[in-house]
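Subject: Structure handover

Hello,

Here is the structure I promised to pass on. Please open it next to this email. My notes follow below.

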Amino acid sequence: MSRQPLLIALLLFATGILVVEYTTVQLWLVITPLVISILLLFFILLLNVKQPKVKLISISLFMFSLGMFFHYFNNQHPNNPYQLPQRNYVFQLEKKLNSNSKYKRYEVSILTTTRSGQEEIVKSVVSLPKETRDLDYKHYYSALIYLKKVELPKHDFQFNYAKYLYRQKIEYQGWINGEIQSAPKKMTFSDQIRQWRLETLWKISESNLQPTSKEFAKGIILADRTEMGQEMTEDFSKTGLVHFLAISGTH
């Protein structure tokens, strides 16, 4: 570990993730080694312990348990045991997702009421007809939404879309095919930043550029690939320039 400390620490962290991913681990099995490793590191620093083996074991246990800890809590499924009915819901925009030829897709937060009468927020992916006006961060919305739980794949070789959404605390998929009412809301600083980015994307869409140039500009400047065609994405991948379309774009 003295020769390649960062590499070995990364491997131990990844091993902790794999243990949680492919085995059934209880919470106490995640917390206990992490607490022990933190205490060991604390006493090593406090008592100025110089035995290299003790340091090696403590750091190794810490990185392994840290990987388990992060993946355990990042892999928790939302706990909504009941099916939400089809009715009018109040929701707000969280994130714009990839569109297709028929639908716009968004990640939204929906205000619901539990059977006990308490209000709670659930996250859902909703699809709207392509001709529907764009959602923004300046409004609350109300619409008739058909909601259903994300279904697990029936075969092992299929992509586990449900698990992918669960990691983002999303348990439902919704469809809106009717009138959407809106009301202004008080925006947070985060909402203002996201709204500015969204309005910049709209300005690019309304410009006189060619469709492919618009897609390119959105991706290269604001890292937005929601309207980018598969062909252009593959071109970036083949040329090794896909990192230009990373989360932060080209700054």
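Does valine 30 count as buried or exposed? Valine 30 counts as buried, because its relative accessibility is 0%. One caution before the rest: this is a predicted model.

**Overall layout**

The protein chain has seven helices and six strands. Along the sequence, the pattern reads α-α-α-β-β-β-β-α-β-β-α-α-α. Of the 251 residues in the protein chain, 34% are buried. Take the contacts in the protein chain with a separation of 6 or more: 66% of them join residues 24 or more positions apart.

Setting aside neighbours within four places in sequence, valine 30 is in contact with Val25, Met68, Phe69 and Tyr72. One of these pairs also has a C-alpha distance to note. Valine 30 and methionine 68 are 38 residues apart along the chain, and their C-alpha atoms are separated by 6.1 Å.

Next, the packing of α1 on α3. Two packed helices are described by the angle between their axes and the distance between the axes. Helix α1 spans residues 5–22 and helix α3 spans residues 52–74. Their angle is about 40 degrees, and their axes are 7 Å apart. α1 and α3 are therefore oblique to each other. The crossing of α1 with α3 is right-handed.

Which residues make this contact? On the α1 side they are Ala9, Leu12, Phe13, Thr15, Gly16, Ile17, Val19, Val20 and Glu21. On the α3 side they are Ser60, Met63, Phe64, Leu66, Gly67, Met68, Phe70, His71 and Tyr72. By class, the contact of α1 with α3 has twelve nonpolar, five polar and one charged residues.

**The strands and the nonpolar cores**

In soluble globular proteins, nonpolar side chains tend to be buried together. The largest nonpolar core here has 19 residues. Phe91 and Ile110 touch the most other members of this core. At least two core residues come from each of β1 (87–96), β2 (103–113), β3 (119–129), β4 (139–149) and β5 (170–176). β4 gives the largest share, four residues.

Look at isoleucine 110 in detail. Not counting residues up to four places away in sequence, isoleucine 110 touches Tyr89, Val90, Phe91, Glu120, Ile121, Val122, Ser124, Ile145 and Leu147.

Leucine 147 is in strand β4. Leucine 147 counts as buried because its relative accessibility is 3%. Leucine 147 and proline 85 are 62 residues apart along the chain, with their C-alpha atoms separated by 6.8 Å.

**Two loop residues**

Threonine 132 lies in the loop between β3 and β4. Why does threonine 132 count as buried? Its relative accessibility is 17%, and the cut-off for buried is under 20%. Leaving out residues up to four places away in sequence, threonine 132 touches Lys104 and Ile180.

Lysine 169 is in the loop between α4 (161–166) and β5. At 37% relative accessibility, lysine 169 counts as partly exposed. Check its backbone too. Most residues other than glycine have a negative phi. Lysine 169 has a positive phi, near 65 degrees.

**Helices α5 and α6**

Last, the packing of α5 on α6. Helix α5 covers residues 189–205, and helix α6 covers residues 211–222. They pack at an angle of about 155 degrees, with axes 9 Å apart. How do α5 and α6 run, roughly parallel or roughly antiparallel to each other? They are roughly antiparallel, because the angle is about 155 degrees and over 145 counts as such. The crossing of α5 and α6 is right-handed.

From α5, the contact uses Arg197, Thr200, Leu201, Ile204 and Ser205. From α6, the contact uses Lys214, Ala217, Lys218 and Leu222. The residues of this contact divide into four nonpolar, two polar and three charged.

Best wishes

Definitions and conventions
Residues are numbered from 1 along each chain as its sequence is written. This is a predicted model: local features need pLDDT of at least 70, side-chain atom pairs count only at pLDDT 80 or more; totals for chains, interfaces and linings use all residues. Side-chain values use heavy atoms; hydrogens and water are left out. Axes are lines fitted to C-alpha atoms, for helices over the stretch in contact, and angles run from 0 to 180 degrees between N-to-C directions. Angles under 35 degrees count as roughly parallel, over 145 as roughly antiparallel, 65 to 115 as roughly perpendicular and the rest as oblique. A crossing is left-handed if the near helix is turned anticlockwise from the far one by less than a right angle, and right-handed if clockwise. Contact means heavy atoms within 4.5 Å. Ala, Val, Leu, Ile, Met, Phe, Trp, Tyr, Cys and Pro count as nonpolar, Asp, Glu, Lys and Arg as charged, and the others, Gly among them, as polar. A nonpolar core is a set of buried Ala, Val, Leu, Ile, Met, Phe, Trp, Tyr and Cys residues joined through side-chain atoms within 4.5 Å. Buried means under 20% relative accessible area, exposed over 50%, partly exposed in between (1.4 Å probe, protein chains only).
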